[in-house]
Amino acid sequence: MSRVITEQDKANAQRLKAIYNAKKKQLGITQTDLATQIGMKQGAAAQYINGHIALNYEAVIRFAKALQVDPWDIDPELNVLSAKGEVTSREVAVDIKQTLSGSGKPHQKAITIRYDGMPDQLLGFEADSDTYSPFLKPGDVAVIDRALQPEVGDDVVVEFANGQLTVGELVWQSAKEITVKSYASGEERTKPVSDVANYDVIVETKRSQKNRARRLKRA
């Protein structure tokens, strides 16, 4: 879930938009090119640039690197960088949207993972059966990042227009259709994009924690 947009967020977005407009001709890039460079969909990049999503630490660093400016040109109050100015992973909370079967409520409302990307578009889906075992066992959570553009070979969660979900490997994609190898059946299925609401990259699988008996110390 995106946080509330503050006046500082609006000012940061205005600076980013001004930098992009000033730099796009010099760098020879479009908004789509920029989105590709920073690892997100064009629509998500546009929301950051237009101030519809608040710029967080990772977003500022990535936009600054792609536009060849200092991060402080976008956010003057940014004061935390790694020694090399690199994006480092940190703990982020991820809301669990629903179970993969679509029936029943998830046992958890949210989980925490370490992630080096932008957390605003992360969502979790909880496995509630053995359907996708061993990739996902009951209680495991598949975390997707809706800001990332899926590529062939990625593990994906596919949400169909009728509300059903599937998990598998993206085998093929085009403007008209996608092919996914299901982790449930092992079969490849091709669907027109008109039947697909979303298909998103799985960036993390959070294993369920079980209470286990401790081994006795050996003599």
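Student: Is D9 buried or exposed?

Tutor: D9 counts as buried because its relative accessible area is 6%, where buried means under 20%, exposed over 50% and partly exposed in between, with a 1.4 Å probe and protein chains only. The model is a predicted one, in which local features need pLDDT of at least 70 and side-chain atom pairs count only at pLDDT 80 or more, whereas totals for chains, interfaces and linings use all residues. Residues are numbered from 1 along each chain as its sequence is written, and side-chain values use heavy atoms, with hydrogens and water left out.

Student: Where in the chain is D9 found, and what lies 2.9 Å from its side chain?

Tutor: D9 is found in helix α1, which covers residues 7-27; helices (H or I, at least four residues) and strands (E, at least two) are DSSP runs numbered from the N terminus. A polar atom of the D9 side chain and the backbone nitrogen of T6 are 2.9 Å apart.

Student: How many helices and strands are there in the chain?

Tutor: There are 5 helices and 9 strands, and the pattern along the sequence is α-α-α-α-α-β-β-β-β-β-β-β-β-β. The chain has 219 residues, and buried residues make up 40% of them.

Student: Which residues of the largest nonpolar core touch the most other members?

Tutor: They are L34, M40, L55, F63, L67 and I74, out of 23 residues in that core, a core being a set of buried Ala, Val, Leu, Ile, Met, Phe, Trp, Tyr and Cys residues joined through side-chain atoms within 4.5 Å. At least two residues of this core come from each of α1, α2 (31-38), α3 and α4, and α4 gives the most, with 6 residues.

Student: Switching to rings, how many aromatic pairs does the structure hold?

Tutor: The structure holds 2, where rings of Phe, Tyr and Trp (its six-membered ring) pair if their centres lie within 6.5 Å, and planes under 30 degrees apart count as stacked, over 60 as edge-to-face and the rest as tilted. One of the pairs is formed by Y48 and F63, which are edge-to-face at 6.0 Å centre to centre with 65° between the planes. This pair links distant parts of the chain, since Y48 sits in helix α3 (residues 42-49) and F63 in helix α4 (residues 57-67), 15 residues apart.

Student: Are those two buried or exposed?

Tutor: Y48 is buried, with a relative accessible area of 1%, and F63 is buried too, with a relative accessible area of 0%.

Student: What about F135 and Y183?

Tutor: F135 and Y183 form a tilted pair, 4.7 Å centre to centre and with 40° between the planes. The two residues are 48 residues apart, with F135 in the loop between β3 (122-126) and β4 (141-145) and Y183 in the loop between β7 (177-182) and β8 (188-192). Y183 is partly exposed, because its relative accessible area is 25%.

Student: What else is found in the loop between β3 and β4?

Tutor: P134 is found there, and a cis peptide bond joins S133 and P134, with omega at about 10°. D130 is also found in that loop and is exposed, with a relative accessible area of 54%. Although D130 and A184 are 54 residues apart in sequence, their C-alpha atoms are 8.7 Å apart in space.

Student: Which residue has a positive phi without being glycine?

Tutor: Q68 does, with phi near 60°. Most residues other than glycine have a negative phi, and most peptide bonds are trans. Q68 is placed in the loop between α4 and α5 (71-74) and counts as exposed because its relative accessibility is 56%.

Student: Last topic, what lines the largest pocket?

Tutor: The lining has 18 residues, of which F160, L165, T166, R189 and K191 lie nearest the centre of the pocket; on a 1 Å grid over the protein atoms alone, a pocket is an open set of points where a 1.4 Å probe fits, with protein on both sides within 12 Å along at least five of seven lines, and lining residues have an atom within 4 Å of a point. Two or more lining residues come from each of β5 (155-160), β6 (165-173), β7 and β8, and β7 gives the most, with 4 residues.

Student: And what is the pocket's volume?

Tutor: The largest pocket has a volume of about 320 Å³, a volume being the space filled by probe spheres set on the grid points, which are joined across faces, edges and corners.

Conventions
Polar contact = N/O pair within 3.5 Å; in protein donor to acceptor, adjacent residues only side chain to side chain.
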